Amino acid sequence: MTVKESPEAVAQVLQHALVGDDLPDSFTLLGREWSLHRGVFPSTLSAATEVMASMVPYPVGGSFLEVGCGTGVISVTAALNGCTSVTALDINDKAVANTAANAERHSVSDRVRVLHSDMYTALEPTDRFDTIFWNVPWTYVEDDFSLSTDLHSAVFDPGYQGQARYIAGAHEHLADGGRLLLGTADLGDSERLDAIAEEAGMRVELLRRVRRIEEVRVMEYHMLELHTK
């Protein structure tokens, strides 16, 4: 079932992240300090980043690709948790710089490559990964919703067009036996996601769910895996 969240309320939060002069330049998450650049979605506005970073089954000794890296918490955590090669992608150039700064801050720059990319466009055709992950924008909006800033793409995916591209394009970059993961929440439209996966010849499996009490409501976060039929 889709739980509706007001796009207007979310847009107010995004505006604050863009221009608010009271935001700190760092935050604490997962027992570590992280840099925060203005114009990047703060990883502590909800529990999503913390929950997803804790749920991802990182391919220890393997390669990991994160789409929509934001501040870089998940990509850096992947490297710190034993991935030998991590690639982090984001359409927001400020997020690219933020992730690179956090990789340097935690001494994993040699294992974390950060690219400015619209989905997979910056990758080479030969790039292959053991695990691909995206903590997707799940706030429900209709297909014609306008993405007016870079930050809007961090929380809105009109008509799930981005998720359709993510699923359809993943096979070109998955290693043999690789895993395609998707992080979402009960605000998402599960029926639409199932239909997108079906069209791509895949099925969705719920690996794990975590409920967290947040300021406005109880959120339920989902770690999904997509399998070829």
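First, some housekeeping. This is a predicted model, so local features need pLDDT of at least 70 and side-chain atom pairs count only at pLDDT 80 or more, while totals for chains, interfaces and linings use all residues. Residues are numbered from 1 along each chain as its sequence is written, and side-chain values use heavy atoms, with hydrogens and water left out.

Let's start with the overall picture. The protein chain has 7 helices and 9 strands; these are DSSP runs numbered from the N terminus, with helices being H or I of at least four residues and strands E of at least two. Of its 229 residues, 50% count as buried, meaning under 20% relative accessible area, with over 50% called exposed and anything in between partly exposed (1.4 Å probe, protein chains only). Among contacts (heavy atoms within 4.5 Å) between residues at least 6 apart in sequence, 65% join residues at least 24 apart.

How many residues of helix α2 are buried? In α2, residues 48-55, the count is 6 of the 8, so this helix is largely enclosed by the rest of the structure. Those buried residues are Ala 48, Thr 49, Val 51, Met 52, Ala 53 and Met 55. They pack against β1 (26-29), α3, β6 (129-135), β7 (174-185), β8 (202-213) and β9 (218-228).

That brings us to α3, residues 73-80, which is mostly covered, with 7 of its 8 residues buried. Val 73, Ile 74 and Ser 75 are among them. Just after α3, Gly 82 takes a positive phi of about 110°.

The structure holds 0 disulfides, a disulfide being a pair of cysteine sulfur atoms within 2.5 Å.

Finally, the second largest pocket. Which residues lie nearest its centre? They are Thr 184, Ala 185, Ser 190, His 222 and Leu 224, out of 16 lining residues. A pocket here is an open set of points on a 1 Å grid over the protein atoms alone, where a 1.4 Å probe fits, with protein on both sides within 12 Å along at least five of seven lines; lining residues have an atom within 4 Å of a point. β7, α7 (190-199), β8 and β9 each supply at least two lining residues.

Thanks, everyone!
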